[in-house]
Amino acid sequence: MLKKSINEALNEQIAMEAYASNYYLAMASWCERKGLEGSAQFFYGQADEEREHMMKIFRYVNEADGHAHAPAINQPDLEFESFNSLFEIALNHEKKVTKSIDRILKLATEANDFRTQNLLQWFVDEQLEEENQMQTILDKLNLIGDSGVGLYMLDAELSKKAEEKEAEEEGE
Ligand code: FEO
């Protein structure tokens, strides 16, 4: 049986992943309206991935005899200052998610809850990947700028990234 405090923390994490999914959806919509098709595909992919994260925790909580809560739907920002700001917001949010995962992992470690530790270890690796990905895009944006040819090139690169991820998932 899942400890109450860990169950609650995991439900908070479920809500956080759902919010991240919504945020990426809003970003995808913003990009699509600006004609940035590749970036829109990238953010749609991110939104799907966050929902998968949510479901991974959700299913685990019930399997572990806890009670998974379907989260409230909070509307994220719908407008963004610039292309650059999308990735700044994304990186900041990913950092918050990492902190939250670390906090729950600490709780699970103190409670000798090895199953939850095992689940969260997957998220520790995933977060490292997500933060690195957003940081790398931001570094590139700082190098080439977020207008004109630079923006066009990055949009094409994000389209390729989205396709690769999709192919990877289909191959799994
Ligand atoms: Fe599932 Fe990117 O946090």
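A residue is called buried when its relative accessible area is under 20%, exposed when it is over 50%, and partly exposed in between, with a 1.4 Å probe and protein chains only. Glutamate 8, with a relative accessible area of 41%, is therefore partly exposed. This residue lies in helix H1, where helices (H or I, at least four residues) are DSSP runs numbered from the N terminus. The C-alpha atoms of glutamate 8 and glutamine 121 are separated by 18 Å, although the two residues are 113 residues apart along the chain.

The structure described here is a predicted model, in which local features need pLDDT of at least 70 and side-chain atom pairs count only at pLDDT 80 or more, while totals for chains, interfaces and linings use all residues. Residues are numbered from 1 along each chain as its sequence is written, and side-chain values use heavy atoms, with hydrogens and water left out.

Helix H2 (residues 37-63) and helix H3 (residues 83-110) have axes 13 Å apart and pack at an angle of about 15°; here axes are lines fitted to C-alpha atoms, for helices over the stretch in contact, and angles run from 0 to 180 degrees between N-to-C directions. H2 is therefore roughly parallel to H3, since angles under 35 degrees count as roughly parallel, over 145 as roughly antiparallel, 65 to 115 as roughly perpendicular and the rest as oblique. The crossing of H2 past H3 is left-handed, a label used if the near helix is turned anticlockwise from the far one by less than a right angle, with right-handed used if clockwise. On the H2 side, the contact (heavy atoms within 4.5 Å) is made by Ser39, Phe42, Phe43 and Glu50, and on the H3 side by Phe83, Leu86, Phe87 and Glu94. These residues comprise five nonpolar, one polar and two charged, where Ala, Val, Leu, Ile, Met, Phe, Trp, Tyr, Cys and Pro count as nonpolar, Asp, Glu, Lys and Arg as charged, and the others, Gly among them, as polar.

H2 also meets H4. Their axes come within 11 Å and cross at roughly 165°, which means that H2 is roughly antiparallel to H4. This crossing of H2 and H4 is left-handed. Residues of H2 in the contact include Phe42, His53 and Tyr60, and those of H4 include Trp122, Phe123 and Met134. Sorted by class, the contact of H2 with H4 has eight nonpolar, four polar and six charged residues.

Next comes the pair formed by H4 and H5, whose axes come within 10 Å and cross at roughly 160°. H4 is therefore roughly antiparallel to H5, and H4 passes H5 in a right-handed crossing. Among the residues in contact are Ile137, Leu141 and Ile144 of H4, together with Leu154, Leu158 and Lys161 of H5. The residues of this contact of H4 with H5 divide into five nonpolar, two polar and five charged.

What about the interior? A nonpolar core is a set of buried Ala, Val, Leu, Ile, Met, Phe, Trp, Tyr and Cys residues joined through side-chain atoms within 4.5 Å. The largest such core has 25 residues, and Cys31, Phe43, Phe83, Leu86 and Phe87 have the most contacts inside it. At least two residues of this core come from each of helix H1 (4-33), H2, H3, helix H4 (114-144) and helix H5 (148-171). H1 supplies the largest share, seven residues. Another core lies apart from it, with 21 residues, among them Leu2, Val61, Ile101 and Ala108.

Leaving aside neighbours within four places in sequence, phenylalanine 83 is in contact with residues including Trp30, Leu36, Leu141 and Leu158. Glutamine 13, in helix H1, has a relative accessible area of 0% and is therefore buried. Not counting residues up to four places away in sequence, glutamine 13 touches Ile57, Val97, Ser100, Ile101 and Ile104. By contrast, lysine 99 of helix H3 is exposed, with a relative accessible area of 65%.

Two loop residues deserve a look at their backbone. Most residues other than glycine have a negative phi. Aspartate 65, in the loop between H2 and H3, has a positive phi near 70° and counts as exposed at 52% relative accessibility. Asparagine 112, in the loop between H3 and H4, has a positive phi near 55° and is exposed, with a relative accessible area of 53%.
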